[in-house]
Amino acid sequence: MEILRCEGIKKVYGSGDNPVAALDKIDLSVEKGEFVAIVGASGSGKSTLLHILGSVDKPTEGKVMIDGTDIAALNQTEAAVFRRRKVGLIYQFYNLIPTLTIRKNILMPLLLDKKTPNQEYFEQVVRSLGIVDKLEAFPNQLSGGQQQRAAIARSLIYRPALLLADEPTGNLDQKNSREIIDMLKLSNRNLKQTIVLITHDEKIALEADRIVTIEDGRIVSDGKRGGGSLS
């Protein structure tokens, strides 16, 4: 089942005589339950693509379908609600609210919608991420790796259609980076979570089931790890 489809995505910055094309006719399809890594050098367009997939930015041209909704057609308010309910975002900066406990940080997307959390699912998530004993602590009482685990839990709590991770290990040492990637793989396998991971680190990309490479705003390769080309 297809969960994400990009059709002819273009993103152009500036106008007049010096427009800059960050993305040029991107076509991409992701199936439910896939773990996809998008790789490319700095300036290749991979982060621009992630911002568009997360409805943080809009394409200049093209269509982006997530779980049946064309997010490129949403206004700012609609995009914010869709992002909170359907797209989990993980950045290298954890973006936890320092005055709230880890429990409340994780539950924040549901609290904003006045939704009652599914306690069984909540416990499954925090247990899988190894932060059961940190729920009443505040962010500044946790290590960087523990804060990133809390950020992952928050991104999963709404059971999003798509989890987007933008260099999630960028601020972590090798040991914590390994643990975070293992957590993402666990959520992909045990929670059937669809993941699109942006990274410049080829070793991290090799942990995914499929690697998409972007150069100069275009997809230049798209293949399953150890398998044949998909495009």
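I looked up the packing of helix α3 (residues 102-112) against helix α5 (residues 144-156) and found an angle of about 30 degrees, with the two axes 7 Å apart. Angles under 35 degrees count as roughly parallel, so I recorded α3 as roughly parallel to α5. I noted the crossing of α3 and α5 as right-handed. The model is a predicted one.

I next listed the residues that meet. From α3 these are I102, N105, I106 and P109, and from α5 they are A150, A153 and R154. Sorted by class, the contact of α3 with α5 holds 5 nonpolar, 1 polar and 1 charged residues. I set beside this list that an α-helix has 3.6 residues a turn, so residues three or four places apart point the same way.

I then turned to helix α1. Just after α1, I found S55 with a positive phi of about 60 degrees.

My last entry concerns helix α6, residues 174-190. I read 17 residues and a reach of 24 Å from the first C-alpha to the last, close to the 24 Å expected at 1.5 Å a residue. Buried in α6 are N176, S177, I180, I181, M183, L184, L186, S187 and N188. Following α6, I noted K192, with a positive phi near 60 degrees.

How values were computed:
Residues are numbered from 1 along each chain as its sequence is written. This is a predicted model: local features need pLDDT of at least 70, side-chain atom pairs count only at pLDDT 80 or more; totals for chains, interfaces and linings use all residues. Side-chain values use heavy atoms; hydrogens and water are left out. Helices (H or I, at least four residues) and strands (E, at least two) are DSSP runs, numbered from the N terminus. Axes are lines fitted to C-alpha atoms, for helices over the stretch in contact, and angles run from 0 to 180 degrees between N-to-C directions. Angles under 35 degrees count as roughly parallel, over 145 as roughly antiparallel, 65 to 115 as roughly perpendicular and the rest as oblique. A crossing is left-handed if the near helix is turned anticlockwise from the far one by less than a right angle, and right-handed if clockwise. Contact means heavy atoms within 4.5 Å. Ala, Val, Leu, Ile, Met, Phe, Trp, Tyr, Cys and Pro count as nonpolar, Asp, Glu, Lys and Arg as charged, and the others, Gly among them, as polar. The expected span of a helix is 1.5 Å times one less than its number of residues. Buried means under 20% relative accessible area, exposed over 50%, partly exposed in between (1.4 Å probe, protein chains only).
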